[in-house]
Amino acid sequence: MGMNVSRHDDLAENEYLKRFVGKEHIPAYNDEFWNSFLQYHINLPTNGQEQLSLDSRLESLCQSFISHNLLTGNFGALINVYLVKVSELLALSDAESTVHIWQAFNALFIIRCLIKYMIETGSEYQLLQHFETLPIQESQRHRDGTDQAGTSGGDVAVSIDPKIIADNKAAMAKLVDGTKFETFLEALVNIIVVIPVKEFTYHLHLEAVNCLIVLLSVSQFSQQRTDKSTIFKTIYKCQHANTLMSALLHFLSRMIQAPSTMFGFGSGGSFVFGIAESLWSILTFARKQPDILSAHDLPSAFKDHYPLANQSLLLILILTNHYTTKDNPYRISLFGCSDSQEDSPKDEVVTFKIDFSSLYNTLCRIVTIDQVTLLLYLLLHRNQKFYKYVMAQLNLQQLVIPILQTLYNAPDSTSHHIYMSLIVLLILSEDDNFNKSVHQIILKNITWYTERSISEISLGGLLILVVIRTIQYNMLKMRDKYLHTNCLAALANMSGQFRSLHPYVAQRLVSLFETLAKKHARLDQQLKQSVNGEAAVVDVAVSLSAPTSDDMLQDLSVLEEVLRMVLEILNSCLSHQLVYCPNLVYTLLYKRSVFEAFRSHSAFQDIIQNIDMVVGFFSSRLVRVQDQRGELGVNEVLEVISKGASQWSSDRLRKFPDLKFKYVEEDAPEEFFIPYVWTLVCKAGCVHFSSESIKGVTTEINC
């Protein structure tokens, strides 16, 4: 503090900090103190361990602050100083404002640290008390008309009698109405939406976004409902929701890299106060800035090198996922934005405009990051203009392949991330043009798919392979019925457009049914043994953990639903695209025996008849050709199938309704999304919270 490097070890002994948190009131007009107090440099914490280190060194100062501020009002004075700095910033040119930006950042960083401490250790009411507190001497001055502070600008400590303290606390109960907090919030929003992002303003914007995240974290440290929270009510009645959401989404879309130094000053440069080069090198973020696309750990690289984009994204998710079933201006704003490159109809309501091309390309670059997948889901599910834009893109592989990689590497992702990736694919598959175009996009040498070497495959074929693999992974690891349902719903939506399926894709489709059929047979046998009392009980522990007949019946019912869905997917392809899928017909001929056990089963009989009809038609043609030529090779069999397909009429098949599934969000989405979003904030954000006190985030996360 005061032109010194603020090393964490020295904070507790810093004279300016000690005065600020002490018993002495420091008026907002004491420029000498505040200018010295705000001339410091600090390396911001970048991970949980650094935050913990900073928090531990600030602990005694924060406790002193809590003890004295309701009497001194120094926090309110600092807020006033900050408000003045921001108002001056908005009126200054770039050339004049560098020092103001530096000091506004420093003021905001201290404010954020104190707000975070108060939220983690106290109540919202207590926080607002500290915002609104008048200093004791101000209260006394108003009470008796005298100036007890003297003329020293607040440098003299004031002796306080108990009656004044009691009067001050009584006055405070009337003052905590959030008025000053509202003014503070307005200044935060102004920093984000009015001041342009440049190298020397970058960290001020970042700090404003971080401060908003910290304020909203009050929901996670309190049992109070958010609709009763003054902080939430103030933030959600903000008149600038459209401009704030526009700014945050632009910060993400532009994905500006963090400057290597804070406030635009490099080593040996013309820093206003002439800090020596050797000292400045300690203060700066002097590190290599690799291309994020080549980074091995993409989420960490995104957080470290694009913190403003990362934090803006997290703030968007927080703002839009609270109050999902009520009037939420931020949610309405995000879902109502449109493409700045397109003219909107005059009668269309548009909340703000953004370049969809830039946004789409950014999302494609980083969509494997959990929080980015969640934003993509929100935009595709709720913003029809963005959905239509994405569906019109010719380079869909740029978006779809990274999502498939997330699913392929399922053990490296959370169950929520896998689930949201599948939901995105399901939403995409609701569009017939998407289902058609993915089979027209040919990919070569997909090196990350290691199950089998495939030199060339369509995007649609790769999608089928990865979704089938996800189903099989779920059967072994997660056993989530909804995940099965969403996987199969996406395949079902696409099935009427399956074309030119790679032989391996056709094999995997039929093998999926075969695997499920074997599981069905085993479960059916176990159930019969259980009913007949034939199950051997090895010991008490085994008998206690063994599934009951009701459990097995429920599992069998779910399995039969899944088997039925797979059969419907095969039938849909045969009904609509048989002529374009000779490899699937070949596989069905080769694996016809796997359907044997289901021909007489009431749940499958009707649809098995269609598959049997196709298999019977092509089998008879093959027999005739074999009688003429002898044994046939693979290519000859495919040739017979192709010729037979040209003479095949799908009218022979029994008609079933077209498979069309649409994703529908749950009735109470906040129950799923709010804990999910705050888990992401803790795990992937630049602000680190105390995990012991947080209530809305799972305790597994190390905040």
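**Exercise 1. In which loop is the place of Asn445?**

Solution. The model is predicted, so local features need pLDDT of at least 70 and side-chain atom pairs count only at pLDDT 80 or more, while totals for chains, interfaces and linings use all residues. Residues are numbered from 1 along each chain as its sequence is written, and side-chain values use heavy atoms, with hydrogens and water left out.

Step 1. Helices (H or I, at least four residues) and strands (E, at least two) are DSSP runs, numbered from the N terminus. On that basis, Asn445 is placed in the loop between S3 and S4.

Step 2. Residues are called buried under 20% relative accessible area, exposed over 50%, and partly exposed in between, with a 1.4 Å probe and protein chains only. Asn445 has a relative accessible area of 56% and is therefore exposed.

Step 3. The backbone of Asn445 has a phi near 50 degrees, which is a positive value in a residue other than glycine. Most residues other than glycine have a negative phi.

Step 4. A second case is Ser500, whose phi is positive at about 45 degrees although Ser500 is not a glycine. Ser500 belongs to the loop between helix H24 (481-495) and H25, and Ser500 counts as exposed because its relative accessibility is 58%.

**Exercise 2. Describe the protein chain as a whole.**

Solution. Step 1. The protein chain contains 31 helices and four strands.

Step 1. Of the 703 residues in the protein chain, 54% are buried.

Step 2. With contact meaning heavy atoms within 4.5 Å, consider the contacts between residues at least 6 apart in sequence: 76% of these join residues at least 24 apart.

Step 3. By the Shrake-Rupley method with a 1.4 Å probe, where for residues only the protein chains shown count as cover, the accessible surface of the protein chain is about 31200 Å², and 50% of that belongs to carbon and sulfur atoms.

**Exercise 3. How many disulfides does the count come to?**

Solution. Step 1. A disulfide is a pair of cysteine sulfur atoms within 2.5 Å, and by this rule the count is zero.

Step 1. Cys62 illustrates the result, since the nearest cysteine sulfur, that of Cys113, is 7.4 Å away and Cys62 is in no disulfide.

Step 2. Cys62 counts as buried at 6% relative accessibility, and Cys686 is buried with a relative accessible area of 14%.

**Exercise 4. How many aromatic pairs does the count come to?**

Solution. Step 1. Rings of Phe, Tyr and Trp (its six-membered ring) pair if their centres lie within 6.5 Å; planes under 30 degrees apart count as stacked, over 60 as edge-to-face and the rest as tilted. By this rule there are 36 aromatic pairs.

Step 1. One of them is the tilted pair of Tyr408 and Tyr449, at 5.2 Å centre to centre with 45 degrees between the planes. Tyr408 lies in helix H20 (residues 397-408) and Tyr449 in the loop between strand S3 (442-444) and strand S4 (456-458), so the pair ties together parts that are 41 residues apart in sequence. Both Tyr408 and Tyr449 are buried.

Step 2. Another pair, Phe513 with Phe598, is edge-to-face, at 5.3 Å centre to centre and 65 degrees between the planes. Phe513 is in helix H25 (residues 503-531) and Phe598 in the loop between helix H28 (582-590) and helix H29 (605-629), 85 residues apart, and the pair links these distant parts of the chain. Phe513 and Phe598 are both buried.

Step 3. A charge sits over a ring if NZ of Lys or CZ of Arg is within 6 Å of the ring centre and within 35 degrees of the ring normal. Arg469 lies over the face of Tyr408, 3.9 Å from the ring centre, and the charged end of Arg499 sits over the ring of Tyr580, 3.6 Å from its centre.
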